[in-house]
Amino acid sequence: MARPIAGRIVTRQRRITEASLAARRAVRKIAAAFREIAMLSLLAALALQIAAPMVVPDGGRISEERKCFTLSMIRDGDSRPIGVTWQTIERDTVEGDPVLRVVVHQSVNGGAFDMRDEFLLEAASLRPISLINTRQGQVHVRLAYGPDRITGVRIEGGVSTPIDVPLTRPVWEGNLFGQTFAALPLAEGATFSLPYWQYDKGFGTFSVRVVGSETVRTSDGPIEAWVVEAGAEAGRTLTYLISTSGNRELGYRAAQGSQALGGDCSSLETAP
């Protein structure tokens, strides 16, 4: 016997109501899930900001010095010297403003590869004013950092290409690693992030983290150093050693090789 029409209508309405309630409950669950995801994202972003603040380097932490490093490459588990790095830091004034002049000159395999960076930096913040990069003694890149743009020229194969990059915020020089990190307020567990621009990579962010300390053996005796993991690209960090007193760059190490104090840089010391 068929059910009465009224009964079927009531049953259908009940089913519609139940389906509607179920749909509303599902929508509420989805909305709650999205709110939870949004909250987690916000918390993660806040945690990142707290963990890696954008702290301006302090050039007052940097001392004038002239030093030589030996570059070594690790191959088949063995480390062997392949070249040297000559680095100088001098204080100066330009048009009445205090500046730092930093030169980093690398020579590998007896000069088969030769690269020299000459930085002019604001003495207080290490913000770049200019950079001259040479390869094999020839100008490769020349940059001027202004308040709202980077201008300059890149020369390859005798062809000059102009550089003109707008700036929306301060940046640091992406070719200067160790001294930039040394100018930060390093302390156990400290983390930092610092925006940079580099003529090959463009805009990026230095990530810096102090992971501990160790004693570094030098010709002047043992020196206590911060162990700093830092880099310009995710997954490609170097371990820098920076003295806990005087903020001196003592070298770095990585899976591919290392740079350590010492060596013969006499051929680079008088380079123009």
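1. Setting aside neighbours within four places in sequence, Leu120 is in contact with Val94, Val99, Leu100, Arg101, Arg127, Pro128, Ile129 and Ser130. Leu120 sits in strand β4. Its relative accessible area is 11%, so Leu120 counts as buried, the limit being under 20%. Ala144 lies 24 residues away from Leu120 along the chain, and the C-alpha atoms of the two are separated by 9.5 Å.

2. The model under review is predicted. Its secondary structure consists of three helices and 15 strands. The protein has 272 residues, of which 39% are buried. Among contacts with a separation of 6 or more, 44% are between residues 24 or more positions apart. The exposed surface comes to about 15,500 Å², with carbon and sulfur atoms supplying 56% of it.

3. Glu95, in the loop between β2 and β3, has a phi near 55°, which is positive in a residue other than glycine. Leu126 is not a glycine either, and its phi is positive at about 65°; this residue is found in the loop between β4 and β5 (128–135). Are these residues buried or exposed? Glu95 has a relative accessibility of 78%, so it counts as exposed. Leu126 has a relative accessibility of 3%, so it counts as buried.

4. The next point is the largest pocket. It holds about 1,200 Å³ of space. Its lining is made of 40 residues, and those closest to the pocket centre are Gln106, Phe177, Leu238, Tyr240 and Tyr252. By class, the lining has 16 nonpolar, 16 polar and eight charged residues.

5. Which element gives the most to the lining of the largest pocket? Strand β4 does, with five residues. At least two lining residues each come from several elements, including β1 (65–75), β2 (78–94), β3 (97–108) and β4 (113–122).

6. The structure holds six aromatic pairs. In one of them, the ring centres of Phe181 and Phe206 are 5.3 Å apart and the planes stand at 90°, so this pair is edge-to-face. Phe181 belongs to helix α2 and Phe206 to strand β11 (residues 202–218), so the pair ties together parts that are 25 residues apart in sequence. Both Phe181 and Phe206 are buried.

7. Phe181 also pairs with Tyr240, again edge-to-face, at 5.3 Å centre to centre and with 80° between the planes. This pair links distant parts of the chain, with Phe181 in helix α2 and Tyr240 in strand β13, 59 residues apart. Tyr240 is buried, as is Phe181.

8. Which residues do the ring pairs link into a cluster? They are Phe177, Phe181, Tyr196, Phe206, Tyr240 and Tyr252. Phe177, Tyr240 and Tyr252 are also among the lining residues closest to the centre of the largest pocket.

Notes
Residues are numbered from 1 along each chain as its sequence is written. This is a predicted model: local features need pLDDT of at least 70, side-chain atom pairs count only at pLDDT 80 or more; totals for chains, interfaces and linings use all residues. Side-chain values use heavy atoms; hydrogens and water are left out. On a 1 Å grid over the protein atoms alone, a cavity is a set of points where a 1.4 Å probe fits but cannot get out, and a pocket is an open set with protein on both sides within 12 Å along at least five of seven lines; lining residues have an atom within 4 Å of a point. Grid points are joined across faces, edges and corners, and a volume is the space filled by probe spheres set on the points. Helices (H or I, at least four residues) and strands (E, at least two) are DSSP runs, numbered from the N terminus. Ala, Val, Leu, Ile, Met, Phe, Trp, Tyr, Cys and Pro count as nonpolar, Asp, Glu, Lys and Arg as charged, and the others, Gly among them, as polar. Rings of Phe, Tyr and Trp (its six-membered ring) pair if their centres lie within 6.5 Å; planes under 30 degrees apart count as stacked, over 60 as edge-to-face and the rest as tilted. Buried means under 20% relative accessible area, exposed over 50%, partly exposed in between (1.4 Å probe, protein chains only). Contact means heavy atoms within 4.5 Å. Accessible areas come from the Shrake-Rupley method with a 1.4 Å probe; for residues, only the protein chains shown count as cover.
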